[in-house]
Protein chains: 2
Amino acid sequence: MAATRKDAAKLDAVDPLAQFRGEFDLPAGVIYLDGNSLGPPPRRALARLQQTADIEWRAGLIRSWNDAGWFDMPKRAGDKIARLIGANTGEVIVADSVSVNLFKIASALIARRRAPVLAVDADEFPTDGYILEGLAGLAGARLVRLKTPAIPSGVDVLVRSLVSYRSGAVADMRAVEKEASAKGAEVIWDLSHATGLINVDLRRNGARFAVGCGYKFLNGGPGAPAFAYIAREAAATLSQPLSGWMGHASPFDFSTDYRPAPDAARFASGTPPVLSLSALDAALDLFEGVAPPTLEAKARALGDLFLDICEPLGLETISPPAGMRRGGQIAFVHENGFPIMQALIARGVIGDFRAPNLMRFGFSPLFLSYSDVFEAAEAFAEVLKSEAWRAPEYARRGAVT
Amino acid sequence: MAATRKDAAKLDAVDPLAQFRGEFDLPAGVIYLDGNSLGPPPRRALARLQQTADIEWRAGLIRSWNDAGWFDMPKRAGDKIARLIGANTGEVIVADSVSVNLFKIASALIARRRAPVLAVDADEFPTDGYILEGLAGLAGARLVRLKTPAIPSGVDVLVRSLVSYRSGAVADMRAVEKEASAKGAEVIWDLSHATGLINVDLRRNGARFAVGCGYKFLNGGPGAPAFAYIAREAAATLSQPLSGWMGHASPFDFSTDYRPAPDAARFASGTPPVLSLSALDAALDLFEGVAPPTLEAKARALGDLFLDICEPLGLETISPPAGMRRGGQIAFVHENGFPIMQALIARGVIGDFRAPNLMRFGFSPLFLSYSDVFEAAEAFAEVLKSEAWRAPEYARRGAVT
């Protein structure tokens, strides 16, 4: 028998993360199932942003680079992320975008190889493929698009998402690293849909390189700076070509020669966007004391509850079923996905649509309750049963969702 | 005879930019001569940032990518900058940092050349050289560091600042472009110290490529996103390797193949830092209706006044003297530059120090009055005459200024 409103309330009563809901000021009348695309602002991120703008920028002016700690923020924020993904202090730097960081690490890894081969899964998040394509053209490398998860021999660098942006399926990091190691390949993990949600545990799983995003489950703000993880033992041997002054060992020497910082900081480039960075830095403090397995367990339980209530709707899902490891989202295939999602959004339940036919629902463990998920599933069922989505105002235009 | 307080007041009375001072909320007791390093916040940038965070991010959530126009902001802000630097609509995109944008354009220009040669002036802002060094290593190019301004034959791409970050000297863009054209070289102009200050006039001077910074004279906020200018006729033929989804012709198609946008937008990469970007976008509106020659004329007049009052101090300057074209700063060489600047900052006059021995004073035309400059010069003279800078609290530590 499907879960009831009462069952959801019972789960809320014993939710170890329940108190985090108060850390967010969500708009009234909205159940937000799109934290996998853009996390909502923690109250402390909004407060910190105002402090950074009104006090540090306006009153402190140039002095704030030192006095307010702007200069070290990319490392400090990186260390906060390190804890969440099983890395050490000094192994993560916050900088640029996922795209740019991916380029830097992949470039560094093929720098001294002759006719290198890059590989990416054919169904990977498209921009990861675009970036490797761009690098291949510049550096004389070859890009292979993989139709199956197996790593062909001859691959130097493989880029793979830990959590699929489409289905929410989770790769077996340890197994992939083992296979890559046997084949002589390095793996760069894209943790965009994993960080702040999944128990990533990079070092224990043998991962040496990763990039990830600050604006999804980390709730760092729209287009928040991204991060790069480079295992300590690898960092010192790698040269990345976007060698801007923030990656210099002594940036304020203004020396003509580039001397890279000893650790992951050498993967920084230009001056970071401090306003955006400060919001992310504050958002990261929310995770202090939270164990990643607790996040993963709740996200999965929220998703299981949603699947359970939606089960009678007979929808086709590409996401892992209850009982299997899953990221923070569930995706349904539906040819009318666009108007259905619009009709649902009009009822205050926000998910997203990805062309050509995917409806995605995200289950952020920090601000969602089981009751939220119950109500959202009920609204979803109502929209489908009533066929409310057939109303002309939900028809597809030149849509960005 | 040196200018008096009365002379300064007279200049203020006829200053066509005087009304802009009210657009800034500068801290009391401070004369800020460091807008060349970090511009202060326009009131509208602070207001816009709060709007973006509290309304668009918090209440609008993911919907704001469309509803609040986040998605098009890099182009919109780029078009505002285009007007200031003599470029056309669609020729400027706001994205990433100066370092990353420089890498993109230089990469695109050498992409199809065999054994390409990059060149940079030996005294150029160091990070520009670091980036070219990184690119050279990755793409098999050679980097030449020029000891004189002449362009040697065989150079494919030259990177040059329009305004020197050290002296404030202004290069002759038209002459350089003419020489480059004769030698078969392309020039990428670094406009970091020029935009929002100098009458750049890119197209009329024959320039096809440029990068620049949002946080100096544009007052866009600490680490504000940078920009890239690519002349329309060149953009369509160039592939840049940091080909992230924001540079795609149809980013929301999520197609596997990268199809670049037709204009400068193809030089965008990953998701932009929206909070930082929105502050810059609002700051740019301040320049609406202001003619670049008016900005340049006032900056130079402020600098001339400062030089005039400082003349009896007998200091050595590396900056262009009164009567010559000059950017927004004046730099004095002094072996005790560090403690002198600290003593001056303690008196509320903020300039900066650049190792090993440069004191720099910036003359932003929007928020400074001639009277400000008069008072600052008086304070400078007092610190030097009284030798107040010898007090132990001003001694050099591990300084970032």
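In this predicted model, chain B is superposed on chain A by a rotation of 180° with 0.0 Å of shift along its axis, and the RMSD is 0.0 Å. The two copies are thus related as by a two-fold rotation axis. Of the interface residues of chain B, 100% are also interface residues in chain A, so the copies meet through the same surface.

The contact between the chains draws 72 residues from chain A and 72 residues from chain B. On the side of chain B that touches chain A, the elements of chain B that each supply at least two residues include α2 (43-60), α5 (98-110), α6 (126-139) and α9 (274-284). The most is given by α6(B), which contributes 11 residues to that side.

In soluble globular proteins, nonpolar side chains tend to be buried together. Here the largest nonpolar core has 272 residues, and among these A:A106 and B:A106 touch the most other members. Apart from its neighbours within four places in sequence, B:A106 is in contact with B:L118, B:L132, B:L135, B:V157, B:V159 and B:I188.

Helix α4 of chain B covers residues 73-85, and its 13 residues reach 18 Å from the first C-alpha to the last, close to the 18 Å expected at 1.5 Å a residue. This helix, α4(B), is mostly covered, with 11 of its 13 residues buried; among the buried residues are B:M73, B:K75, B:D79, B:I81 and B:L84. The buried residues of α4(B) pack against β2 (92-94), β8 (227-230), α9 and α10 (292-310) of chain B. After α4(B) comes B:G86, which has a positive phi near 75°.

How is chain A divided by its domain assignment? The assignment gives domain 1, made of 5-32 + 291-394, and domain 2, made of 47-287. The centres of these two domains of chain A, taken over C-alpha atoms, are separated by 29 Å. In chain A, 21 residues of domain 1 are in contact with 16 residues of domain 2. On the side of domain 1 of chain A that touches domain 2 of chain A, α10 (292-310) and β10 (329-333) of chain A each supply at least two residues, and the largest share, five residues, comes from α10(A).

Notes
Residues numbered from 1 in each chain as written. Chains lettered and ligands numbered in written order. Predicted model: local features only at pLDDT ≥ 70, side-chain atom pairs only at ≥ 80, totals over all residues. Contact = placed C-beta atoms within 7 Å. Helix = DSSP H or I, 4+ residues; strand = E, 2+ residues; numbered from the N terminus. Core = buried A, V, L, I, M, F, W, Y, C linked by C-beta atoms within 7 Å. Buried ≥ 20, exposed ≤ 12 C-beta atoms within 10 Å, placed from the backbone. Expected span 1.5 Å × (residues − 1). Least-squares fit on C-alpha atoms with pLDDT ≥ 70 in both. Domains from an automatic or database assignment.
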